[in-house]
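Reader: Before we get going, can you show me the model? I'd like to go through the labels and see what backs each of them.

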Amino acid sequence: MPDPHRLELSPAAKRDLKRLPLSIQEEIVFEHLPQIARDPFLKTKPLVGTLKGERSHSFGRKPEYRIIFYTEEDLITVTIIGTRENIYKRAKRRKT
């Protein structure tokens, strides 16, 4: 198995995480972030348009959640975490 990438959360992503229900926070920290760190291209989709270069990891049903991140060599930076609703508009605003 390849070495996991280093993973960091932007200050805004840390705030996003704290706003979510505790059970979802735990699921993200113990399941989804380690999965992304092991292989950032598995079960993720590349984004297009103004978010080109970033990837989206989705999970959950009603509500559906997204983790948006980008990679640079062995570093993964999570930029935004939240429900699917309006997440891409929020991500675009943060990028500008």
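Author: A salt bridge here is a side-chain nitrogen of Lys or Arg within 4 Å of a carboxyl oxygen of Asp or Glu. This is a predicted model, where local features need pLDDT of at least 70 and side-chain atom pairs count only at pLDDT 80 or more, while totals for chains, interfaces and linings use all residues. Residues are numbered from 1 along each chain as its sequence is written, and side-chain values use heavy atoms, with hydrogens and water left out.

Reader: What makes Arg-66 and Glu-64 a salt bridge?

Author: Their side chains come to 2.7 Å, N to O, and the cut-off is 4 Å, so the label applies. The structure holds four salt bridges.

Reader: Why does Arg-66 count as buried?

Author: Buried means under 20% relative accessible area, exposed means over 50%, and partly exposed is in between (1.4 Å probe, protein chains only). Arg-66 has 9% relative accessibility, so it counts as buried. Glu-64, at 29%, falls in the partly exposed class.

Reader: How do you know that Arg-19 and Asp-16 form a salt bridge?

Author: The N to O distance is 3.7 Å, which is within the limit, so they qualify. Both residues lie in helix H1 (residues 11-19), three residues apart, about one turn of the helix. Helices are DSSP runs of H or I with at least four residues, strands are runs of E with at least two, and both are numbered from the N terminus.

Reader: Why is Arg-19 called exposed and Asp-16 buried?

Author: Arg-19 has a relative accessible area of 62%, so it is exposed. Asp-16 has 3%, so it is buried.

Reader: What makes Arg-90 and Asp-16 a salt bridge?

Author: The side chains meet at 3.1 Å, N to O. The pair links distant parts of the chain, with Arg-90 in helix H3 (residues 87-95) and Asp-16 in helix H1, 74 residues apart. Arg-90 has a relative accessible area of 23%, so it is partly exposed. Asp-16, Arg-19, Arg-90 and Arg-94 are linked in a network of salt bridges.

Reader: Why is the pair of Phe-59 and Tyr-65 called stacked?

Author: Rings of Phe, Tyr and Trp (its six-membered ring) pair if their centres lie within 6.5 Å; planes under 30 degrees apart count as stacked, over 60 as edge-to-face and the rest as tilted. The structure holds one aromatic pair. Its rings, from Phe-59 and Tyr-65, have centres 5.5 Å apart and planes at 20 degrees, so the pair is stacked. Both Phe-59 and Tyr-65 are buried.
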